[in-house]
Amino acid sequence: MAENILEVKNLTKHFATKRGMLHAVDDISFTIERGKTLGLVGESGCGKSTTGRTILRLIEPTSGEIIFQGQDVNKMNKKGLRHVRKDMQLIFQDPYSSLDPRKTVNQLISEPIIANKLFKTKEEVEARVAELMGLVGLAPRLFNTYPHELDGGRRQRIGIARALATDPKFIICDEPVSALDVSIQAQILNLLKELQRDLGLSFIFITHDLSVVNHFSDEIAVMYLGKIVEKAPTEELFNNPMHPYTQALLSAIPVSDLRAKKERIIIKGEITSPINPPAECRFFKRCNYACDKCKSVPQLNEVKPGHFVACHRLGEF
């Protein structure tokens, strides 16, 4: 039986606002096997990035458990959290705003190495920086350059090198290619896959682009307004989507063959407010199949081995 590197149980994150409690992440659970990738997809505002940052405790969770390599991250003090964060890292969405423009490539990559006191001498630190630059495909001549002198792809490679600096086991990729050109996206995705294969890394890959996550993830969890509505192995999800929201998302993926006939599912209706949401299916107001029984919250149930769906009307449409 495969070993789970991460178990998330009933994770919840609410934010207090003047109008009430904003339910950014609402009672979600999932696991990730060691060396595998979970794709977390959904439209903007569904809680993907908040989920990732809450797992790392960059944002404190409201409730729930985060079990990383057998340890409950929620119960750790600052010292324990500092130690475990060596094994849990984050690659940010915007490679430019996430880098200090006043620091060189060498200084940016060496920062987490120095902060965690991984090496004693300057020479050892610089040797590790050179090793990491080679690992992510940055030429040695860029050692003393600044972020503004580089293109988006190279900046993101710096971000990846920083994430790898502490030799982590698990990395959250928060839309790491959305700000890049398509050709550069492919390069970065191939690099991440190579690193996963060579270093045994586990990923959460956060994105709104289903065509990207299709090629990168072993499993996909679809989020809608703070809830996971469907979770399944990638091939199973694309071949047999069961939740109406998942079906609509997949229908929106562009196809290269102009002669191909593909039915587009148009989502209509009003989006439910995430502030004090009613105790009903979050997709209720936009679902073509909604009925009275959808006015209660559906549970995420396993309908096939490894395939989980939260829908009251499953099998009726």
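**Close-up 1. Aspartate 100 is partly exposed in this predicted model, with a relative accessible area of 21%.** Since buried means under 20%, aspartate 100 at 21% counts as partly exposed. Its salt-bridge partner is arginine 102, and the closest N and O atoms of the two are 3.2 Å apart. Arginine 102 is exposed, with a relative accessible area of 68%.

**Close-up 2. Glutamate 236 and lysine 304 form a salt bridge.** Here the closest N and O atoms sit 3.1 Å apart. Glutamate 236 belongs to helix H8 (residues 234–239) and lysine 304 to strand S11 (residues 301–304), so this pair ties together parts that are 68 residues apart in sequence. As for how open lysine 304 is, its relative accessibility of 34% makes it partly exposed.

**Close-up 3. Arginine 53 meets aspartate 174 in a salt bridge.** In this pair, 3.6 Å separates the closest N and O atoms. Arginine 53 is part of helix H1 (residues 48–55), while aspartate 174 is part of strand S7 (residues 170–174), so the bridge ties together parts that are 121 residues apart in sequence. Take a look at the two ends: arginine 53 is partly exposed, with a relative accessible area of 27%, whereas aspartate 174 is buried at 4%.

**Close-up 4. Lys103, Glu111 and Arg162 are linked in a network of salt bridges.** Why can such side chains pair up? Side chains of opposite charge can do so when their charged atoms come close. Zooming back out, a search of the whole structure turns up 16 salt bridges.

Terms used
Residues are numbered from 1 along each chain as its sequence is written. This is a predicted model: local features need pLDDT of at least 70, side-chain atom pairs count only at pLDDT 80 or more; totals for chains, interfaces and linings use all residues. Side-chain values use heavy atoms; hydrogens and water are left out. A salt bridge is a side-chain nitrogen of Lys or Arg within 4 Å of a carboxyl oxygen of Asp or Glu. Helices (H or I, at least four residues) and strands (E, at least two) are DSSP runs, numbered from the N terminus. Buried means under 20% relative accessible area, exposed over 50%, partly exposed in between (1.4 Å probe, protein chains only).
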